[in-house]
Amino acid sequence: GAGEAHLLNLSVAVDWQRQGLGRHLLHHFLRLARECGVGMLYLEVRPSNVAARRLYESEGFHEIAVRPNYYPAPDGREHAIVMRRIL
């Protein structure tokens, strides 16, 4: 929708994780969104991805919904937590 953006994928290779690169990328995307006049940024994250959830929460994202059975998982399907940040 107008004034909204959706972050579809933010990932860092395993060998490069825990070095602040994910936070740096997220800041870059937030800055781009603001420059484009976006008022809200949405994303989905797996409940099992605790590190990503902590990153997003520390950057002002809040859980607003759950999408049941959204992601494929080894034992079936995993829900997605929908998060939003107002810019």
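## The largest pocket

About 720 Å³ of space lies in the largest pocket. This is a predicted model, where local features need pLDDT of at least 70 and side-chain atom pairs count only at pLDDT 80 or more, while totals for chains, interfaces and linings use all residues. Residues are numbered from 1 along each chain as its sequence is written, and side-chain values use heavy atoms, leaving out hydrogens and water.

A pocket here is an open set of points on a 1 Å grid over the protein atoms alone, where a 1.4 Å probe fits, with protein on both sides within 12 Å along at least five of seven lines; lining residues have an atom within 4 Å of a point. Its volume is the space filled by probe spheres set on the points, which are joined across faces, edges and corners.

## What lines it

The lining has 25 residues, and Leu-10, Asn-49, Ala-51, Ala-52 and Leu-55 lie nearest the centre of the pocket. They divide into 13 nonpolar, seven polar and five charged residues. Asp, Glu, Lys and Arg count as charged, Ala, Val, Leu, Ile, Met, Phe, Trp, Tyr, Cys and Pro as nonpolar, and the others, Gly among them, as polar.

Which helix or strand gives the most to this lining? Helix α2 does, with five residues. Helices (H or I, at least four residues) and strands (E, at least two) are DSSP runs numbered from the N terminus. Ala-51 lies in α2 and counts as exposed, at 51% relative accessibility. Exposed means over 50% relative accessible area, buried under 20%, and partly exposed in between (1.4 Å probe, protein chains only).

## The nonpolar core

The largest nonpolar core has 13 residues, and Leu-43, Tyr-56 and Phe-61 are among those with the most contacts inside it. At least two residues of this core come from each of α1, β2, α2 and β4. Such a core is a set of buried Ala, Val, Leu, Ile, Met, Phe, Trp, Tyr and Cys residues joined through side-chain atoms within 4.5 Å.

Strand β2 is mostly covered, with five of its six residues buried. It runs parallel to β1 and is joined to that strand by four bridges.

## A residue in a loop

Arg-18 is found in the loop between β1 and α1. This residue is exposed, with a relative accessible area of 84%. Its phi is near 65 degrees, a positive value in a residue other than glycine.

Terms used. Two strands pair if DSSP finds at least two bridges between them.
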